[in-house]
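Student: I have just opened this model and would like to learn how to read it. Could you take me through a few features, one by one?

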Amino acid sequence: MLELKKINKSYTTGDFTQVALKDVDLKFRKNEFVAILGPSGSGKTTLLNIIGGLDRYDKGDLIINNRSTKKFKDQDWDAYRNNCIGFVFQSYNLISHISILDNVEMGMTLSGVSSKKRRSKAKKALERVGLKDHMHKKPNQLSGGQMQRVAIARALANDPDIILADEPTGALDTKTSVQIMELIKEIAQDKLVIMVTHNPDLARDYANRVIEMRDGVVLSDSNPILENEKEDKEYKIKRTSMGFLSALKLSLNNIKTKKGRTLLTSFASSIGIIGIALILSLSNGFDKQIDIFERNTLSSMPIIISEQAMNLDEETMNEMQNEVKTTDEDYPDIDYIIPEKTVEDTYTHRNNITKEYVSYIENANPDIVSGISSYRYTGLNLLNKINGKVKVISSENMGSIPKTLSEDKKSVIEEKYDILAGREAKEKYELVLIVDSKNHVTEDILTNLGLDATKENISFDDLLNSELKLILNDDYYQKVGNYYTVNTDLDELYNSKNAITLKVVGVIRLKEDYPSYVQTSGLTYTEKLLDYIIEVNQDSAIVKAQKNANYNILSGETFDLSTDEGKYAKEQTLAYLGDDSVPYVIQVYPRDFNAKDELLEYLDKYNEGKDVDDQVVYTDQAEIISSLSGSIMDAITIVLVAFSAISLIVSSIMIGIIMYISVLERTKEIGILRSLGARKKDISRVFNAETFIIGVASGVLGILIARLLLIPANIILYNLTDLENVAVLNPVHAIILIIISLILTLIGGAIPAKLASKKDPVIALRTE
Ligand code: ADP
Ligand code: MG
């Protein structure tokens, strides 16, 4: 039983209120064909929309199943529309991007009927309206009459109790109109059909009850329901629910009709993903390269033990950071000052390099240590004849050649250097010249060797013939009162038979795969030479005299032996003069990557159980360099990712705008779906499904494009750096990026989807 009690409806636009229905009282039988007649604007459509639950009445009541609908919620109205009502509109209102069959199925899709069942029901309905052969066509492939048949089939498919038809023949020619009316009449045999028309002939010929309306009121009713008439029809109202898959299918069909635009949208929104994917691949690749580089080259950089060491282990680093953090507040309002320790004071460690320590290192396993070089204060008394004149040559910038711990093992020179000319220095009177990666050597060194440094280039042969003279202390220094000075007759020293000839026997260069910042160049002597000089000079007169003096025997400067500095200055002077001394810097070369760890373990073991003052702290340069380059890479990556993230956000805003346009375009469809019983939720689901598809598409597209771009990127990198396949996209990153793209597009599309679901179905249906 359907009953309208004093239904009122008015529309307000601005200050103007239009009454569309005024105190309409009507009752309908479960089975009749009612025609509503009336001129345009008399409220027919409004009446139909209110009966169909598409529009809400302002006042009065609509009674369904003897129940008032005053307390109906949105869901109840949706369910009522979906189960009990079938709408047929003048303008057919078919969804253009899906097939006839899908259109007819839509009501059942919305209520969650299984696909098999709805297919058979839809086919039956299409058969009934005579369109079985056309079911796979799209609406725009049909004539007007055929489209109206589809609309009728759609209204019938879910077997509703009430069919509401709003001027179903309004857009059709007379002949087709008659066919449609016949069809509706046939339907009306077991249903309530309420049909709006402005054609009185059609109404009288086909309907068994005619209601006339004017200006929102019922003028006449040809067959009203009498007081004593019994009506016991119960309408079934079952809640509806559209599955996400159905929403996805609907959106997929919609997207298929605008492939180009979807592709462009996906591409545009994938740019951020492409950027991030490329950056991640590159930094990924660089990280790997740094790793390889570390293994190959940095691992063979020496571990340095020097008198002054920064204590850079993790614990101290943390302490240092905390120190900075816990400092007192900024710009305090206090009237005192706070003394502060410098970082150097707190964290430099004075290494006491003892003979014991030196021999500890020399006793290291030759399998893990390929060489040791040490730097001592010992001065070499060197002379050379330059342009016919004998001159003193400073040994300050000369170093010793790393010495190998075991005779049967490869020497450091063999392992790490290319011998460009001559050979390795084996004997104590042999020197070797190290050139840098460009074969450069400073002019001073060349001049000191007696070579003409003004020349463009100097041949290896010239170098290999160059010599220096070494003079031992007792010949070199002479006593003058309480002091010593360098013997003034340099020519005599140079020519004396006591002068030792040092000869350059080789030119070497660090191998190509060593980082350029490790390259040092200069003249080097053997440890053997140094040992010999110390052996002879420590018994020389000048050393003995210096030992007994509390002033510098060469300069006259006094040592304040009551202080550590004074004692240290004296020791240093003695060391310079050739007294037996320990090195001030020791460089230990690990054999390879694994050996380095073992070596560090060995060095750490020395410190076990020792006082902090007696501990020896080493510096692992390679570690510092690689952690530095690692953190620089991280910083660059973060900055670049941040930039791409912005483009990602911009693209999701763009998706939002595109979705909003899509909502505007699909307004009519929203109205149709609502008239078929779609809930607000279902509408937002349809749009969310669309953004879901775009999100996944743009993510996948982004990853694919990034993969393609990596090919030329790697070729360019190969040409620049000789490294093959540097940039590699981590599959985990790829998946995460697709998910991020999906989430962002869903967020971007959420607002338009919400707007869509809020659209008034009546207004939505009125839009073209
Ligand atoms: P009919 O279908 O009989 O031509 P309607 O029911 O569509 O008439 O309209 C009845 C009256 O209500 C008309 O005057 C129309 O202008 C007005 N009306 C209908 N819908 C709206 C609306 N959404 N906003 C404002 N006025 C409306
Ligand atoms: Mg109308």
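Tutor: Let us begin with one residue: Thr-265 is buried, since its relative accessible area is 4% (buried means under 20%, exposed over 50%, partly exposed in between, using a 1.4 Å probe and protein chains only). Before we go on, please note that this is a predicted model, where local features need pLDDT of at least 70 and side-chain atom pairs count only at pLDDT 80 or more, while totals for chains, interfaces and linings use all residues. Residues are numbered from 1 along each chain as its sequence is written, chains are lettered from A and ligands numbered from 1 in the order in which they are written, and side-chain values use heavy atoms, with hydrogens and water left out.

Student: In which helix does Thr-265 lie, and with which residues is Thr-265 in contact, leaving aside neighbours within four places in sequence?

Tutor: Thr-265 belongs to helix H9, residues 259–296. Helices here are DSSP runs of H or I with at least four residues, strands are runs of E with at least two, and both are numbered from the N terminus. Contact means heavy atoms within 4.5 Å. Beyond the neighbours within four places, Thr-265 touches Met-654, Ile-655, Ile-658 and Ile-694. Ile-655 is 390 residues away along the chain, yet its C-alpha atom and that of Thr-265 are separated by 7.2 Å.

Student: How is the chain divided into domains?

Tutor: The bounds come from an automatic or database domain assignment. Domain 1 covers 2–240, domain 2 covers 255–296 + 628–766, and domain 3 covers 352–616. Between the C-alpha centres of domain 1 and domain 2 there are 44 Å. Across that pair, 19 residues of domain 1 are in contact with 17 residues of domain 2.

Student: Now helices, please. At what angle do H5 and H6 pack?

Tutor: Two packed helices are described by the angle between their axes and the distance between the axes. Axes are lines fitted to C-alpha atoms, for helices over the stretch in contact, and angles run from 0 to 180 degrees between N-to-C directions. Helix H5 (residues 144–157) and helix H6 (residues 174–187) meet at about 10 degrees, and their axes are 10 Å apart. H5 and H6 are therefore roughly parallel to each other (angles under 35 degrees count as roughly parallel, over 145 as roughly antiparallel, 65 to 115 as roughly perpendicular and the rest as oblique). H5 contributes Gly-145, Gln-148, Arg-149, Ile-152 and Leu-156 to the contact, and among the H6 residues are Thr-176, Ile-180 and Leu-183.

Student: And which way do H19 and H20 run, parallel or antiparallel?

Tutor: Helix H19 (residues 541–548) and helix H20 (residues 564–577) pack at about 175 degrees with axes 10 Å apart, so H19 and H20 are roughly antiparallel. Ile-542, Val-543, Gln-546 and Lys-547 of H19 meet Lys-570, Thr-573, Leu-574 and Leu-577 of H20. The residues of this contact divide into four nonpolar, two polar and two charged. Here Ala, Val, Leu, Ile, Met, Phe, Trp, Tyr, Cys and Pro count as nonpolar, Asp, Glu, Lys and Arg as charged, and the others, Gly among them, as polar.

Student: What about strands: in which sense do S9 and S10 pair?

Tutor: Strands of a sheet pair through backbone hydrogen bonds, either parallel or antiparallel. Two strands count as paired if DSSP finds at least two bridges between them. Strand S9 (residues 209–214) and strand S10 (residues 217–221) are antiparallel, with four bridges, and Met-213 faces Val-218 in S10. They form a hairpin with two residues between them, and Asp-215 in the turn has a positive phi of about 50 degrees. Strand S3 (residues 33–37) also pairs with S9, in the parallel sense over four bridges, and Ala-35 stands opposite Val-210.
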